[in-house]
Amino acid sequence: MKPLIVANWKCNPTTLKEAKLLFSRVKKAGGIICPPFVYLSVLRANGAQDCFWEEKGAFTGEISPLMLKNLGVKYVIIGHSERRKYFKETNEIIEKKLKAALKAGLKPILCIDKMSQIPKNTKGLIIAYEPLFAIGTGQACSIQKAKRMRTAIKRAAGITVPVLYGGSVNAQNAGEYVKLAGFQGLLVGGASLKPREFIDIIKNVCYG
Ligand code: PEP
């Protein structure tokens, strides 16, 4: 399987013009790009950062997995640590979102930082190991620890579940997580907003 390199733009950029420019620079490199919802349809991006657990109805402000699917989105990040922290998403909420995303035909990328966040049923999931201390801090996880966690996640979730690494990935360290620690890909936050850096990450992992 070709490594999956996922760009999480988070709540950036603040104008459509910048979003179009960033997307035009990175789209050919072949990653999964997850911009904010408001840019999805214009960019025709293949990834989203979250979704709701219902298909439709009286849920003001929510975006359903069916809406994403019908726009052409293929992947959706669920349970990012920022959603757990700022929006109080629990494992229970996250499992409802995972089920709904799978039902709509999306591929969910479940973010975890501890083993207790792995659901019982992992069929159809991609899991991203994102240690809290490494997210947005510039303090990437050591290859040894990441490798141990990858093995533990595979043991708990099943050998066929793809496991990604996320947390302060850059063009220098990206290749090691895939080639030395055995991850099937990467979830990239900050560095995905820098087109040159993001393209170098993909090059190093996929062709390096
Ligand atoms: C993330 O938020 O998923 C992430 C990995 O961020 P960063 O790459 O900036 O650490």
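A residue is called buried here when its relative accessible area is under 20%, exposed when that area is over 50%, and partly exposed in between (1.4 Å probe, protein chains only). Helices (H or I, at least four residues) and strands (E, at least two) are DSSP runs, numbered from the N terminus. The model is a predicted one, with local features needing pLDDT of at least 70 and side-chain atom pairs counting only at pLDDT 80 or more, while totals for chains, interfaces and linings use all residues. Residues are numbered from 1 along each chain as its sequence is written, and side-chain values use heavy atoms, with hydrogens and water left out.

Helix α1 (residues 16–26) is a handy place to start. Ala19, Leu22, Phe23 and Val26 are its buried residues to look at. They sit on the same side of α1, because they cover an arc of only 100° around the axis (the arc is that of the directions from the helix axis to the C-beta atoms). Their cover includes β2 (32–34), α2 (37–43) and α8 (195–207), where contact means heavy atoms within 4.5 Å.

Next comes the sheet. Two strands count as paired if DSSP finds at least two bridges between them. Eight strands make up an open sheet, in the order β2-β1-β8-β7-β6-β5-β4-β3, and the pairing is parallel. At its edges are β2 and β3 (47–48), each of which pairs on one side only. Helix α8 packs on this sheet, where it touches β1 (4–8), β2 and β8 (185–188), and its direction makes about 165° with that of β1. For such angles, axes are lines fitted to C-alpha atoms, for helices over the stretch in contact, and the values run from 0 to 180 degrees between N-to-C directions.

Moving along the sheet, strand β4 (residues 75–78) runs parallel to β5 and is joined to it by four bridges; Ile78 stands opposite Leu110 of β5. Strand β5 (residues 107–112) is in turn linked to β6 by four bridges, again in parallel, and here Ile109 has Ile126 as its bridge partner. To get from β6 to β7, the chain passes through helix α6 (residues 143–157), in a right-handed β-α-β crossover. Right-handed means that, with the strands pointing away from the viewer, the path from the first strand over the helix to the second runs clockwise.

Three bridges then join β7 to β8 in parallel, with Leu164 partnered by Gly185. The unit made by β7, helix α7 (residues 174–179) and β8 is another β-α-β one, and it is right-handed.

Glu130 lies in the loop between β6 and α6. With a relative accessibility of 5%, Glu130 counts as buried. Leaving out residues up to four places away in sequence, Glu130 touches His80, Cys111, Ile112, Asp113, Ile135, Gly166, Gly167 and Leu187. Glu130 and Cys111 are 19 residues apart in sequence, yet 6.4 Å apart in space, C-alpha to C-alpha. Ile135 turns up again among the contacts of Ser81, which touches Leu132 and Ile135 under the sequence cut-off of four places. Ser81 belongs to helix α4 (residues 81–86) and is buried, at a relative accessible area of 16%.

Finally, the cysteines. A disulfide is taken as a pair of cysteine sulfur atoms within 2.5 Å, and by this rule there are zero disulfides. The closest cysteine sulfur to that of Cys111 is in Cys34, 9.4 Å away, so the gap is too far for a bond. Cys141 is in no disulfide either, as the nearest cysteine sulfur, that of Cys111, is 15 Å away. Both residues are hidden from the surface probe: Cys111 is buried at a relative accessible area of 2%, and Cys141 is buried at 3%.
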